[in-house]
Amino acid sequence: MVSEQELLNAIDTYGDMVKRLCVVYLKNQADSEDIFQSVFLKYYQTNKNFQSAEHLKAWLVRVTINACKDHLRDFFNSHKVGLDEVIEKPVLEDPLNKEVFEAVLSLEKKYREVIYLYYYEGYKADEISKLLHKNTNTIYSLLSRAREKLKILLGGEEID
Amino acid sequence: MIKEAFDKIGASEDLKDKTYTYVLRHTKKPLYPKLILSFGAFVLALIATYYIYFLPISFISFDINPSLELVLNRFDRVIDIKAYNSDAKDLISEISYFGDDYNEVLKELIATNTVQKCLSNDEVLSITLISDDDLKKEAMETSIEDYTLEYENIHCHKSSSEHTKEAHHHNMSSGKYQYYLLLVEKGYDLDLDDVNSMTIKEILELLGEDASFEGHHHGHR
């Protein structure tokens, strides 16, 4: 059983990650916050024993991704919004960040998620395959195609 | 590049605070597992306490011809007294003993009219300390000596619990059973009922100088 202190620690440690994942999937501030709260509600109510911080992190990633996908499947949530509603002010202030951000968010979901998990969270392809329940070779292919698309969107610049 | 772009994205402190409050407000943590665990722990604690407090650890046989046995727990408290004849039942009814230190119970028994009358009629009181803990027996003997040494006809013995089960099986105190074994060893053709009905004085007269258990002392009055 998760204690109140553990809940507080989890929100503090993984809150940013959960928020970023929500932004990657939903591209919507309001929905991101709803999913954010539902993820930590699930965490607080779980009876799962987490063997390590990495184990907990991976669980939160999966729960967040699943919650976002469920949300997107709902017809009423498929509306599009301007990026201004999604991107927070500090990002908008930096033109390069804004460009990269826009480029990533403009990719199809299947490319966005692998780009984020690989480049930002630092997961390896085999780890991403477990998180997304996809074949490792599929992950490599998705990453390769995502990089090509981003390169085009960013004016031929290599991404890292 | 991607890292820098996403670095600026995060959960605001306001969102974190709101989430914490939201989760606690909306949580329906099932009460039953907590209740069941708490109740289970309580029951286990009760059972453990019961066994710790009520587990017989040592015995003190008190034989004149009222024949009875104090049952002690690990804290040297009397948790029961077994009477092995009707005289003993009457004697027990004269005292209160549950939870008392064995010294207090022995003093109370010795101070009863029944026992005082026996002692002044030159009957012999045999106190047998039954335990497998030699140090404990030594300590018990030392404390009993404080109030029994003045009596010539109070004998204190020490013994292991080797024959306790047998003794109780034959409805005898461990101390009286030891005397029975000594009599049999000496060649007397006596059965358990014969010995049970004998006073300690009569038994000692038969045994003479051979009346020794593990170690004993005689008081002097």
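Predicted model: local features only at pLDDT ≥ 70, side-chain atom pairs only at ≥ 80, totals over all residues.
In chain A, helix 1 (residues 4-26) packs against helix 3 (residues 53-73) with the axes 10 Å apart and an angle of about 30 degrees between them. Angles under 35 degrees count as roughly parallel, and helix 1 of chain A and helix 3 of chain A are therefore roughly parallel to each other. Their crossing is right-handed. From helix 1 of chain A, the residues in this contact include Tyr14(A), Val18(A) and Leu21(A); from helix 3 of chain A, they include Lys57(A), Leu60(A) and His71(A). By class, the contact of the two helices has 11 nonpolar, 2 polar and 1 charged residues.

In chain B, strand 4 (residues 125-130) has 6 of its 6 residues buried, so it is largely enclosed by the rest of the structure. In a regular strand, side chains alternate between the two faces of the sheet. For strand 4 of chain B, Leu125(B), Ile127(B) and Leu129(B) are buried on one side, and Ser126(B), Thr128(B) and Ile130(B) are buried on the other. Strand 4 of chain B pairs with strand 1 (residues 58-63) of chain B in the antiparallel sense over 5 bridges, and with strand 5 (residues 154-159) of chain B in the parallel sense over 6 bridges. Ile130(B) stands opposite Phe59(B) and also opposite Ser159(B) in strand 5 of chain B.

The contact between the chains takes 31 residues from chain A and 19 residues from chain B. On the chain B side, helix 1 (2-7) and helix 2 (13-26) each supply at least two residues. Helix 2 of chain B gives the largest share of that side, 8 residues. The chain B side divides into 11 nonpolar, 4 polar and 4 charged residues.

Key. Residues numbered from 1 in each chain as written. Chains lettered and ligands numbered in written order. Contact = placed C-beta atoms within 7 Å. Helix = DSSP H or I, 4+ residues; strand = E, 2+ residues; numbered from the N terminus. Nonpolar A, V, L, I, M, F, W, Y, C, P; charged D, E, K, R; others polar. Axes fitted to C-alpha atoms, helices over the stretch in contact; angles between N-to-C directions. Parallel < 35°, antiparallel > 145°, perpendicular 65-115°, else oblique. Left-handed = near helix turned anticlockwise from the far one by under 90°. Buried ≥ 20, exposed ≤ 12 C-beta atoms within 10 Å, placed from the backbone. Pairing = 2+ DSSP bridges.
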